[in-house]
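Me: I have a structure to go through with you. Please answer in short steps.

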Amino acid sequence: MDVSKSVPLHIFLVEDDEFDRMAFHRSFKKAGIPHRITECAYANKAFELLRMDASQFDIVVSDYKMPGMNGLELCRKLIEIKISLPIVMLTGTGSEQLAVEALKAGVDDYVVKDPYQGYLELLPIVIPEAVKKHTDALARKRAEKSLRESEEKYRSLITNIPDVTWTSDSQGDTTFVSQNIETIYGYTPKEIYKEGKHLWLDRIHPEDVENVTKAFETLFEKGISFDIEYRIKKKDGKWLWAHNRSIATYEKDGILYADGVFADITERKLADEKLKKSEKLLRDAQHIGSLGHWDWNIDGDTLFWSEEVYRIFGVPPDYFQPSVEAFEGMIHPEDLEEFLDKRDFILRVQKNADIEHRIIRPDGDIRHVVERTEFKLDDEGNVRQVIGIIQDITERKLMDEFHKIALKNLQATEENLHIHIEELRTSNDELLRIQKQLEASHQNYVDLYDFAPVGYFTISASGIILKANITGTFMLGVERSRLIGNPFALFINRDDQKIYHTHIIQLNATQGKQTCEFRLVTKDKSQFHAQIESISLSDENGNLDRIRSVITDITKRKQAEEALQKAHDELERRVDERTAKLQKSETKYRQLIKNIPDIVYKGYKDGSVEFFNGNIELLTGYGSDEFNSKKIKWFDIIVQEHVEVVKECFIQALKTDKFYNREYKIKTKTGDTRWLRDRGYIVCDNDGEIEYVSGAFIDITRTKNLQEQLVRSERLAATGQLAASVAHEINSPLQGITAYLYSIEQSHKHNKELIEDLDLIKVGFERIRDTVQNLLDFNRPGLETKQSVNLNRIITTTASLIQSHLKKQKVKINLNLSPELPEIFGSYQHLGQVFLNLINNAAESIAEIPRPVSERVERLSCRGLVTLVSHYKKDLIIVKVSDTGHGISENDMAHIFDPFYTKKKTKGMGIGLSVCYDIINDHNGTITAENSPEGGAVFIITLPIE
């Protein structure tokens with residue numbers, strides 16, 4: 001419970017002694033704690049009142065010894081009926097056995113009513129603390145209950161979701177898997193736990209093992225989550241497709257774990273396979289029928305082509321972007337106007353119709369196509385999308401032309417036969433005329449065949465050229481008479497023979513159209529790239545009889561592809577060269593940054609730091625990752641009194657040349673302070689806004705300490721000279737006064753009252769003499785004869801001398817001295833004075849803080865502890881004097897060894913630590929002070945072993 005809040009603390013006090021009740025009221029009133037006290041003099045009555053309504057009170061405070069039922073019985077009965085209030089027992093007996101019994105019974109705390117132990121001051125501390133602990137305990141119980149309920153909900157969720165949740169360690173063993181794994185996989189969780197990773201990894205499909213293993217290794221080694229699909233054999237031997245994804249990794253008891261979700265996607269995979277087969281059948285059907293489909297989105301003016309449309313137009317899908325403009329640009333100029341008129345008419349009347357037109361491929365080949373459309377309308381009846389099909393009907397057109405010519409000739413012949421049948425029988429000349437007409441008709445077909453823009457070849461099943469058009473002979477540079485009868489493979493580049501052989505095998509196997517590319521060799525040994533499209537013709541028995549092939553010269557396209565590849569390779573080479581130069585430059589830069597003594601940084605105006613080159617953790621205790629993640633900013637570790645100085649220096653740099661050079665102190669993670677010299681530059685953008693700051697700093701703590709020691713030494717020297725001068729001025733009149741007092745004493749030996757007064761005056765003068773001698777010794781502490789001394793003996797003797805004084809102040813002294821400490825050369829008396837001063841100062845510091853209240857049954861019997869530890873390292877003896885006092889403030893730390901500097905209001909001249917500093921310095925040693933993280937001050941003395 002927070003006593004600082006305005007809500008008063010409601011105490012139910014069970015106390016039969018009226019004086020103790022009044023004292024209880026006064027103690028809370030004096031402490032200034034908002035409170036309200038309900039009194040009851042008898043335990044029986046208190047029990048009945050609390051049983052009826054205990055909710056209005058915050059705590060029950062009961063005396064032990066009362067008439068009738070005692071306080072312990074009352075507490076037991078309250079706990080028995082589960083009154084949820086903290087209980088504090090008051091007892092005047094001071095029996096520890098009674099205290100233990102009360103605590104065992106369930107009492108939250110107890111206080112001994114000892115006025116000499118300050119129990120009234122203790123009550124306002126113990127009672128609110130007991131309320132707070134009890135409240136915290138209830139909150140913890142509620143939190144634990146909530147956690148248990150949350151865990152039950154989580155277990156229910158895990159049990160009821162269709163997917164399987166799992167936890168695995170870095171060895172591959174499953175440490176948790178949800179119960180529904182048995183439904184999917186066939187194995188129970190117990191079987192999986194027992195068999196370990198073998199029941200899982202060993203049943204993965206051989207083709208998927210490497211992928212799964214690599215995914216798990218990357219997860220635990222680099223923390224990269226995976227999302228993979230693979231096949232695994234179920235308990236019944238059937239294969240299932242699994243979709244497995246990891247969620248998170250974490251470490252527990254030194255072992256890495258990962259959580260994830262596992263799902264059965266077998267049905268989805270089977271559906272995907274069916275869809276792929278269906279799509280392949282569609283593509284094959286479109287290819288066989290030279291039929292493609294397209295989709296024109298009018299609003300977005302985008303055009304989609306299927307794979308067969310690209311083939312019909314003779315353009316590669318990877319290098320051609322279909323659009324309405326590009327499509328119209330490939331329509332034969334003679335057909336373009338008619339096509340646009342028909343298309344506009346169809347869009348206007350929204351009626352499906354066929355459009356036939358010619359296209360010109362990039363290689364100059366002219367193809368006849370027919371298109372059929374279908375409309376998609378929006379809610380207002382406007383055309384927003386047009387879909388359609390396009391079919392290559394070039395071969396059909398050629399055949400139609402041939403049929404038309406043949407039909408026309410046939411019709412003319414039939415007419416002539418009917419009209420002149422008698423004449424033909426009798427007129428040989430008329431027969432010759434008709435024969436010439438037929439030959440002319442045949443010649444038309446031959447011309448169409450011979451002068452096509454592609455080469456036509458008919459090849460036997462054994463690979464012999466049976467027929468070729470003129471274009472084909474021109475391609476190979478061989479006369480038709482010498483071409484026919486030769487193997488077609490004779491004109492194929494030797495390195496490409498295997499391609500053609502595979503082409504024939506596939507053609508024979510599929511009985512469908514096949515296409516491939518290879519190089520052909522002409523008569524003059526030159527070569528060109530060709531594309532061949534072939535269909536097979538079978539005899540009456542279904543065996544391969546001959547092959548008809550169409551050959552297209554694609555040399556220009558190949559040259560363009562090779563030029564593009566060459567340019568790509570050249571670009572990659574240049575990129576590799578540039579990358580190598582950058583890596584070399586970066587390596588030099590990193591080596592330079594790594595080897596300079598300063599710590600280089602890059603940060604921002606809000607105090608966040610992005611980069612440190614050195615091990616910043618050795619200096620500040622904070623790792624680079626803590627700064628990078630912005631868990632801590634640089635301004636957070638600058639000591640408070642230096643923050644404004646640092647910011648002001650930054651502002652001044654912005655007004656001038658953007659350079660700054662500043663010195664300030666930081667506070668490390670362990671609580672130590674360090675001095676830094678920070679030099680850097682502010683980088684701004686074109687608008688003058690700060691982008692970042694870049695600079696370097698170096699630890700100058702040692703330099704600052706040396707400067708402070710030098711200043712302190714000069715101050716001590718000046719103060720010593722002043723002390724010697726003051727002591728001399730006091731000694732002179734003091735000697736005269738002492739001589740005069742001696743004379744008066746000799747003259748009045750029989751006046752006892754006067755002699756007693758003179759003795760008192762002499763005591764005062766002796767104190768003045770001792771003070772003057774201290775001032776002289778302060779200036780010259782090394783005058784005492786030095787000898788070989790044992791530092792442990794000096795410490796032990798000094799502790800024994802001051803033991804009784806410390807006991808009165810209830811301060812314990814603890815010695816932890818190394819038995820192997822070597823002797824040093826020094827002054828026994830002066831070194832003893834050093835430890836006496838340090839122990840006295842520690843005891844006074846402990847006495848200034850309130851007496852601590854222990855939560856344990858056995859309370860502390862002292863206010864604090866002074867600890868002296870000695871050991872040696874190499875050629876130095878090190879002594880640490882620590883206490884459990886209030887420590888040294890940041891402002892006092894820089895002045896504690898200054899002469900006459902003191903915070904004591906009623907006693908002390910402030911030269912004790914100055915004398916200690918001078919004595920240790922005279923012994924060629926050092927004395928420093930710091931605050932302990934646990935509280936209190938620590939003085940560290942180092943003395944050389946000579």
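Me: In what order do the five strands of the open sheet run?
Reply: This is a predicted model, where local features need pLDDT of at least 70, side-chain atom pairs count only at pLDDT 80 or more, and totals for chains, interfaces and linings use all residues. Residues are numbered from 1 along each chain as its sequence is written, and side-chain values use heavy atoms, without hydrogens and water. Strands are DSSP runs of E, at least two residues, and helices are runs of H or I, at least four, numbered from the N terminus; two strands pair if DSSP finds at least two bridges between them. The pairing here is antiparallel, and the order is 7-6-10-9-8.

Me: Which are the edge strands?
Reply: An edge strand here pairs on one side only. That picks out strand 7 (174–177) and strand 8 (227–233).

Me: Over how many bridges do strand 9 and strand 10 pair?
Reply: Strand 9 covers residues 239–252 and strand 10 covers residues 255–264.

Me: Which helix gives the most to the lining of the largest cavity?
Reply: A cavity is a set of points on a 1 Å grid over the protein atoms alone, where a 1.4 Å probe fits but cannot get out; lining residues have an atom within 4 Å of a point. The largest cavity is lined by 18 residues, with Trp294, Phe327, Phe339, Arg343 and Glu371 nearest its centre. Helix 12 (324–329) and helix 13 (333–349) are among the elements that each supply at least two. The top contributor, with four residues, is helix 13.

Definitions and conventions:
1 Å grid on protein atoms, 1.4 Å probe; cavity = no way out; pocket = protein on both sides within 12 Å on 5 of 7 lines; lining within 4 Å.
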